Amino acid sequence: MGERADVWQGTLALMVLKTLQALGPLHGYGIARRIEQTSGDLLAVNYGTLYPALLKLEQEGYIASEWGTSDNNRKAKYYKLTRAGRKQLDKEAREWEQTTEILARFLAPGKESA
Amino acid sequence: MKWLRGWLFRLGALFGEQRRERELAAEMESHLQMHIQDNLGAGMSATEARREALMKLGGIEQTKENYRAQRGLPLLETLFQDLRFAGRMLLKNPGFTVVAVLTLAIGIGANTAIFSLVNGVLLRPLPYREPSRLTIVWGKDDRGKPGNLGYATYVDWRAQSKSFEELALYRSWSPVLQTLEPEQLSGLRVTNNYFRTLGVHPQFGRDFRPEEDLPASSQVVILGNGLWQRRFNSDPRIIGRAITLNASTYIVVGVLPANFQSLISMDPHGGPVEIWGVLGYDASLPWACRTCQHLVAIGRLRPGVTFTQANAEMDTISSAIWKDYPKEYSAAGVILTPLRDHLVGHVSAALYILLGAVSFVLLIACANLANLLLARANHRQREMAVRTALGAARIRIVRQLLVENCLLAALGAMAGLLLVYWTPQLLRVLGEDELPRLGEVTVDSHVLLFTLGVALLTGILSGLAPAFRLSKPTLHDSLKEGARGTSTGTSRRVRNLLVISEIALSMTLLVGAGLLLRSLSQVLGVSAGFDPNHVLTMRISVLGQRYNDNQKLRQFFASALASIRALPGVQSAAVTSQIPLGGNVDRYGFHVEGKIHANPELDESAERFCVSPGYLDAMRIRLFSGRDISDRDTSTTQQTLLVNETTARSMWPGEDPIGKRVKLGGLDLPWWTVVGVVADVHHSGLDIAPTMQFYIPHAQWPFPDSDMTFTIRTAGPRDTLTSAVQQTIHALDPTQPLSRVMPLEDYIGLSVQGRRFSSILLAAFAAVALFLSALGIYGVTTYSVAQRTREIGIRMALGAQPQEVFALLLRQWVVLVVFGVALGVAASAALTRFLASMLFDVRPSDPATFVSVVFLLVGVAALACWIPARRAMRVDPIVALRYE
């Protein structure tokens, strides 16, 4: 396995939103674990950076939080996607796809020299 | 919108701090526990599970800090912290706080006060529609000076010029309102478009109409709001009613709004104009001629036309008119004075100088505060060192100190604003007549903004040096046990530099004030040409059917004078058409037999005084040669006049003027013969050289004046006599109002009021500056004595004499004073030339002033140093060595 990349700013928010869309309401630890697992352990998430990001999303109104009880009866703060968050996810996902598509075309070998 | 929501959220987070902290801790804790649980499940030992979880979280405190940064507004939060801390610091040192706040209150308050003055008088736009397009249009005389114009000229200007939207005229008018108690009013006669030119509409009734502005039409007036309230009980039915003015009937057609400001007048001491009548001229009237120059033109430029363009156009028109009437003008050309300059131009230099002076006071206050702070800085070194050791960044410390200062400055500003509250009253006492638009001097948003700006600037300016000094990381030394607050060489140099600049700044102000005060005393020392002491004056306008012929009018004054002279306590009494320094000038062409120019308009002109016999006596104006006019000079005898010395010298150099003949105000009237030469009288101002003057007997002048001023020289107390004279005149005719009952000295006072105003203010600022500087010197010496108590103790223990200790301190003082004074002299020499226009008979570099100011400053500085130095000499070596 090569170097594990740090999560870069901006994409973390997208990953959080996507995670919440896929799994429904979830606590911070669960989100962090899920992101690591999904990346196939290619990403190293410093769990500490997650909480300011969550707070920022909440301030922007994309997610909401409430206290609940976890599977093993522990009190935890659960985050869930809001309507605005869903829209934002669609928008950001589209933009991201566009960006990667453009980059992919640039990087595709030999097309323009042919 | 997203960011706005975020910010509101964060702003909200400033409150409910504790609950949020608890929640954050709980969230972190649950995260950790879940992670540990998972790790245990993966087979780690309990310790390892916890360690791994903590590492993955990246340090709980760090995470919390990051979280907090996202949660609140760190800048604002620390600002609140700083403010709270600053408040506590100031409360803990009440002595320091009071001195600092008072110093700042003086500096900021004085600045705000003068700024409110500049703002109200100069900066605020005039209260008329688009005032920047309004201008006075003068004719130019052969000396290039602005002058009034005759009606015929105005007719030509109006017909030919294209630069003006409106061109109106006004002339002086002081009608007597004869409804109920007679009262002399201050008024203007204006062309019907006058208020349209200004852009003002009556509140009730209507404006003048063109068809009313003709000689034969009925007479109409518009009232000022104040007059309407005072004399007509604010009765709106006054419109269309008749009132009696000067024994004729006038119809009131309008009342101006209460917010109309009456700034334009012809009589500088007459108070605001309250009544306007139509001019009612046409070109056929004898007094509408080109040389009948008694009218002032005010115009509104068309949009887009500049003053230069309008001036050029008017110059062309005026040249053409002069070509057609070469004998009716002395020169071609016009002068445009923007209305603003006309109304307030004469005070702007003085006001800006005062603003400059008062900013010096603020600088001194800043320097003083900086000095105080520097001294305190040494005591706070430990505090700052501890903060630095605990990780405070330098910028954070600087910011905290600056916040402390700005808080001080804000307190000072608030105290200063209290001072400003009384400014208008104070200024009214000092300069009522002299400053136009005093009513507009208030604290408005501009003034508040100015104060805020000044306060912030002050806080930062005075705080920078101490802040940087304190924030310097001298951790090591300061934390050491028992280390004294060592004052480094730099900080001592900075403090000395501050005191030197204080001395220099005060010196400049003192020199300025000294020069103005000397000018004032020079002006007051000028002999007016008459003796103003023990003379009572009162003005009367005699009018009505009973005085419609010259003989009756003359008879009235003759009998009034006879009765007044009979009163006990009256030495002599007379009447004159113009009272010296009264602000009214009446100039006539002075055509000397044998020396009349081809164009008589080029002949000199002279001030006319129409007087009764006994005037020279009552005023104590010296008669140099010939004889005074007397009762024997009547309408049937030879026409005689007196001329002043200047006239004699310039018209008949080397000749005896007695017996020479002149024509006055045109060539169509008979000759007048000079019978006497009298002293020059200062009529336009004590600081203005007298011009040519002549006196003609009221009994001989073909149009005897009805508006006259009594001058009564008294032997006894004036007050009792005043009512006696009033009763005497009342007994002759109760319908004639007396106005401006005042001693002749008051006219002298009025004429120097503006000069006195600026001198007193500048002197007050200089005194404050001197006081603050003395405080600065005192502070620095006291401080260095305190710092060196131990050193002085050792020296004295080793046998040093008190004098030697004194010499030690003296050395520092001498350096401060010598540099300060040297700098001050240089700065004063450079700056006083801006005062030149306000000086009289004193050069800006007047050595006497400079020398006395240096002595004063050195004396005060010596006193400020001597008090703490004396304390140093008395230091008991034992006590000093135990000190600290």
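The talk below sets some labels against their definitions.

Student: What should I know before we start?
Tutor: This is a predicted model, in which local features need pLDDT of at least 70 and side-chain atom pairs count only at pLDDT 80 or more, while totals for chains, interfaces and linings use all residues. Residues are numbered from 1 along each chain as its sequence is written, chains are lettered from A and ligands numbered from 1 in the order in which they are written, and side-chain values use heavy atoms, with hydrogens and water left out.

Student: Why is S852(B) called partly exposed?
Tutor: Buried means under 20% relative accessible area, exposed means over 50%, and partly exposed is in between (1.4 Å probe, protein chains only). S852(B) has a relative accessible area of 42%, so it is partly exposed. Its place is in helix α26 (residues 847–873) of chain B.

Student: How many helices and strands does chain A have?
Tutor: Helices (H or I, at least four residues) and strands (E, at least two) are DSSP runs, numbered from the N terminus. Chain A has four helices and five strands, in the order β-α-β-α-β-α-β-β-α from the N terminus on. Of its 114 residues, 40% are buried.

Student: What makes β2 and β4 of chain A edge strands?
Tutor: Two strands pair if DSSP finds at least two bridges between them. β2(A) and strand β5 (residues 75–81) of chain A are joined by two bridges and run antiparallel. One of the partners is Y78(A) in β5(A), which bridges to H27(A). The open sheet has three strands in the order β2-β5-β4. β2 (26–27) and β4 (63–69) each have a single partner strand, so one side of each is left without a neighbour in the sheet.

Student: Which residues show that both faces of strand β6 of chain B are covered?
Tutor: In β6(B) (residues 187–190), G187(B) and R189(B) are buried on one side, and L188(B) and V190(B) are buried on the other. In a regular strand the side chains alternate between the two faces of the sheet. Strand β3 (residues 164–173) of chain B is joined to β6(B) by four bridges and runs antiparallel to it; there Y170(B) stands opposite V190(B). Four bridges also link β6(B) with strand β11 (residues 275–278) of chain B, this time parallel, and V190(B) has V278(B) as its bridge partner in β11(B).

Student: How do you know that the span of helix α3 of chain B is close to the expected one?
Tutor: The expected span is 1.5 Å times one less than the number of residues. α3(B) (residues 46–57) has 12 residues, and its 17 Å from first C-alpha to last is close to the expected 16 Å.

Student: Where do the buried residues of α3(B) lie around the axis?
Tutor: They are A49(B), A53(B), K56(B) and L57(B). Their arc (taken from the directions from the helix axis to the C-beta atoms) is only 100°, which puts them on the same side of α3(B). T47(B), R51(B) and M55(B), on the other side, are exposed.

Student: What makes a group of residues a nonpolar core?
Tutor: A nonpolar core is a set of buried Ala, Val, Leu, Ile, Met, Phe, Trp, Tyr and Cys residues joined through side-chain atoms within 4.5 Å. The largest has 88 residues, and L117(B), Y194(B) and W276(B) touch the most other members. Helix α11 (residues 339–379) of chain B gives the largest share, 13 residues.
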